[in-house]
Every structure is written in structure tokens, then in C-alpha cells.
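Dear colleague,

I am handing over the structure below. My notes on what was found in it follow.

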Amino acid sequence: MERNLSLFLTKGTAKKAGFVETYGKSDPLITGLEYDSRNIKPGNLFFALPGLHTDGNLYIDDAVKRGAAAVVHENDIEKKHNIVYIKVKKARHAMSPISASFYNFPSRHLLITGVTGTEGKSTTVYLIWQLLTMLGKKAGFISTVQYCLGAEVIWNSEHQTTPEAPVVQRLLREMADNGCEYVVVESSSHALSPKTNRLGDVDFCSAVLTNLTREHLEFHGTWEQYRDDKANLFRALNRFTPPAGSSFTEPFGVINADDRNSRYFLKLTHQKIFTYSPEGMDGDLVIEAIESGLQGNWYTVKIPALKETFELRDRLPGAFNSANVLAAMLTVSGLLKLPVQKIAPLVKKLKPVRGRMTKIDRGQNYDVIVDFAHTPSSFRSVLHPLRSRTEGRIICLFGSAGERDTEKRSEQGKIASQYTDIIVLTDEDPRGENSMDILEEIAAGTVTEEQAVFKRDENLFLIPDRPLAIRKALSLAQKGDLVILLGKGHENSIIYADHVMPYDEIAETEKALGEIKEVTA
């Protein structure tokens, strides 16, 4: 896409982006938007962003050498190049309105659902998209794991749950151009925060809250701020304007009624809110009974308002996935004005997300599962039901991300020690922290007055090298045991201070199982 700078830097956009001043009289043809100087192509507009470890201003010269025609910056800089300089109050915040304007406001032509929460976002996004597609609707989606622009599903190579604003707006434009009517966007707390403003110029017609537990306080500062940033998704419903020619005129929200924060979110919008209850409490959809296994769930769902019940069967391992199914059904019901009973037969066709409770079978006489769980609450959701139905021992491998919330580490260790028999601690994404320091913090949580002590090199192992740690965990497994690998799931790398190591948890585990099979053959 190419547009002259003057065509999308209108007065309205300038005001919303917080323009301070513009230097340079030319009106260059802008060929794209970039915030990484290494990706600049001739004619691009470069956002010089301040960061944790560096400053975008340091890379302006490099961006210009590569062909940047304009630069957006927030600090005073030397204007030594023959380009357009645009000074704004906050460069990262300005990316959203500028990007939306450059791509001609794609969200105004789409019906966009945002899915937020601490856990279940990626799966719920994928389930909503699948149901819409099965019902004959042209839809796209963006998630941590994959995205779809209206055709094939593409793997997401980044660790970001929600991309930066220029990427979000570019993907939405491609979806609109590809004829999509519906889009589902995984909406992280970072993306909903005014600090990043990644979703600040996306028009949402529906919003979903899966649950809310402690996470990312290293970014948000406090629990209250974390919750408030999540809440921006529901506040956005009050600003919704239907796309031209669309019959959809009633934005709505979908909330997990069992979450203790549900009442807080219910008060944020004057739009209709639908609720669901996985725990059999109150809601528009309520699970009355459920049986769960590694092959999926069987459950009875009640519609209290109609005094009706219906049966559901899914192929999504883990009882917690039943909540994601209810959220998806209510969302699609609201989007298409279709009774949930009409959607129910499609649930058995839903596919799980790769790296979410993915079972790996290479002929071994014990179970192996890979899952993305990386928070204390997700540990409990995954491990508790597995404990009750595993006859043998549970061997649990996990780590904790560097430069992220440190207080959760001991809690991870505590929860793992409550439900498992052997713990193998390893790298997740150490980033700039020392690997062993992170593992020691986790290990400290496994020793409490209420629990048996986990002893080093007996049932507690600290092995930073993840491939080696996997082989250790598998070597300890016996017939009837369960080995569960947590924290990486679908991700395709491990981030260290000085390099990023390509990595695939499922492929690495399959490789290790193959090696063990060859040795024992």
C-alpha cells in the first residue's frame, strides 16, 4: 500500500496522535510503516520508539540509509536528513492512529471480536473462528499461535500475543481486502494498555473475558492497573459504530460469570452482556455435569432462561476447555443472532490448538503432554484434573520467563509440588536474567510446611538446557506415568540475553522419545 503523507496525516489523525510539530516541507509517498530500522524499505515511515534496552532515536540514521522518507519521534533530535520529521508526545501511542489512517481505517469495515483474559484467549479465538467458518462466514483471526487473513491459517512466528499497531492495522486491511466480514483478535493486557495503544484504533463489536488472574505486573505495576487495562476492551464497545451496510447494530460482551472479577466488567458498558458458568453457577449458559479425558469432554449444558438442557461433546483435552467452548458459542450466537442450540452440533468438529494439551505418542508406555500453561492459575487448572485420573506418577517440566513477574515463580513451584511427584525445572525464556537464579526462585516454592520436601537430584532437578531437561524427564518415566511439559507450547524459540534459539517443544519431545526408543530397542 502506498499513500502520500498528507493524505493520511490529516488534522484529525494529527490531533489523535499528539503531534507537537512537523519539520520538512515535502510530501513523500509513504510505502509502509516500520518500527524496526532493520526492516526499513525505501519510502517507509519509521517510528523511533523508546524502549527498555535501547532508544529508537539511535537508529534514525540507519533507517534513513535504508530509505526512510519520514520519522516519527518524541524527543528532540538533530534534523540532519532531508526527510520529514514528525515530533509527537508519545511515539508508541501515536503508532495506532497513524497506522489506522495509513491503512484507511480497516476496522470500520469489519465486525471485530476481541478476546481477553489471563488464560484461554488463543483457544477461544480459534474456536470462534472455526465456528464462524463452519457456518459459512468469511472470517479472519489474530492469535498468539496463528493468524488467518481470510484464506489459509498461518503460524505466528512472534512471541507477542497482540502485534504492534502497524502490524494489527496491516493485517486488518488485508482481511478487509480479502472479503472478510468477521475478525477475532486475541487482545492482551499489553495491547489494551494506553502505554502501547496497540488496539487503540480498532473498533470492536463484541468483547470476551475468559478469566482474570495475576500476570504481567512487571508491566502494569499493580493488579488494579492490570485489570483496568483489560477492561478497555469492554469500554470500547460503547464507541462501536456499525460498518456501512451492515445489519449488525447491537455490540455485546461475553463474560465468565464464575470469575471473581465478572461484576467489575459487567459495569463497564451499557451494551448487552452474556454470561457463562463452567462451575454450574448462574449464567446464560451453565454446565450442569462434565466428564473429561485426554480425548475431550462430555457435558450437559443448561439454558436457565429457557429451562432447557442440551448435550455437548468436544475433542479438546482438559476440562477447562469447556469454558472456552461456551464463550465461543455465546459469541457466535450474538454475532449471527443464532440460538446456541443450533451451534451445538458443530462443537464436536472443533480442533484444538497446537501446543495446548497436545498429546505426544511415539509408542511409549506412558503419557506425554505439551501445554502452554505458564501462570499459577493455569498450572492449577491443568494439573489438578490430571492428578485425579493419573494412576502413575506425574513428572512435570517447566520454567518461568525472565524479565517478567518474579513473584509468580515460587507460586508455580508450590502448585507443581501439590499435584506432581517429580519436578524438572528448566529454561523458558531467561532473557537477560541468569537461568539458575530463576530456577532457584521456583524451587524455593516447592518447600513449605504443608508439603513433603522435594529433594534435589531425587525428585527435583534443575537443568537449564531445555532439550537436556526433556530427556531427563522422559528417562524417569515408567509405565502408567504422565510427563507434562509446560510453558512453551506452540512457541518456536527460547529467548536468551545474547541470542534467540530456534525451538519447537513438540518436535524436540518427539525427537527425544525416538532416541529413547532406539536405545531401549
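**An exposed loop residue, and what else was found**

K337 is exposed, its relative accessible area being 56%, which puts K337 above the 50% cut-off for that term. Please keep in mind that this is a predicted model. K337 sits in the loop that links helix 11 and helix 12. Its phi is positive, about 55 degrees, although K337 is not a glycine.

E403 is another non-glycine residue with a positive phi, in this case near 60 degrees. The loop that holds E403 runs between strand 21 and helix 14. With a relative accessible area of 30%, E403 is partly exposed, since that term covers values between 20% and 50%.

**The pocket and the cavity**

The two helices on either side of K337 come up again in the second largest pocket, where helix 11 (321-336) and helix 12 (340-343) each give two or more residues to the lining. The volume of this second largest pocket is about 320 Å³. There are 20 residues in its lining, and those closest to the centre are F274, D284, L330, S333 and V340. Strand 15 (272-277) also gives two or more residues to the lining. Which element gives the most to the lining of this pocket? Helix 11 does, with 3 residues. By type, the lining of the second largest pocket consists of 12 nonpolar, 4 polar and 4 charged residues.

The volume of the largest cavity is about 30 Å³. Its lining is made by T123, L316, N321, P352, V353 and R356. These lining residues split into 3 nonpolar, 2 polar and 1 charged.

**Strand 8**

Is strand 8 buried or exposed? In strand 8 (residues 111-116), 6 of the 6 residues are buried, so the strand is largely enclosed by the rest of the structure.

I112 shows both pairings: its bridge partner in strand 12 is V183, and its bridge partner in strand 13 is F204.

**Helix 13**

The buried residues of helix 13 are P376, S377, S378, F379, V382, L383 and L386. What do these buried residues pack against? Their contacts are with strand 20 (367-371), strand 21 (394-398), helix 14 (408-419) and strand 24 (482-486). Two of these elements, strand 21 and helix 14, are the ones on either side of the loop that contains E403.

Those are the points I have for this model.

Regards

Definitions and conventions: Residues numbered from 1 in each chain as written. Predicted model: local features only at pLDDT ≥ 70, side-chain atom pairs only at ≥ 80, totals over all residues. Heavy atoms only, no water. Buried < 20%, exposed > 50% of the residue type's maximum accessible area, 1.4 Å probe, protein only. Helix = DSSP H or I, 4+ residues; strand = E, 2+ residues; numbered from the N terminus. Pairing = 2+ DSSP bridges. Contact = heavy atoms within 4.5 Å. 1 Å grid on protein atoms, 1.4 Å probe; cavity = no way out; pocket = protein on both sides within 12 Å on 5 of 7 lines; lining within 4 Å. Points joined across faces, edges and corners; volume = space filled by probe spheres on them. Nonpolar A, V, L, I, M, F, W, Y, C, P; charged D, E, K, R; others polar.
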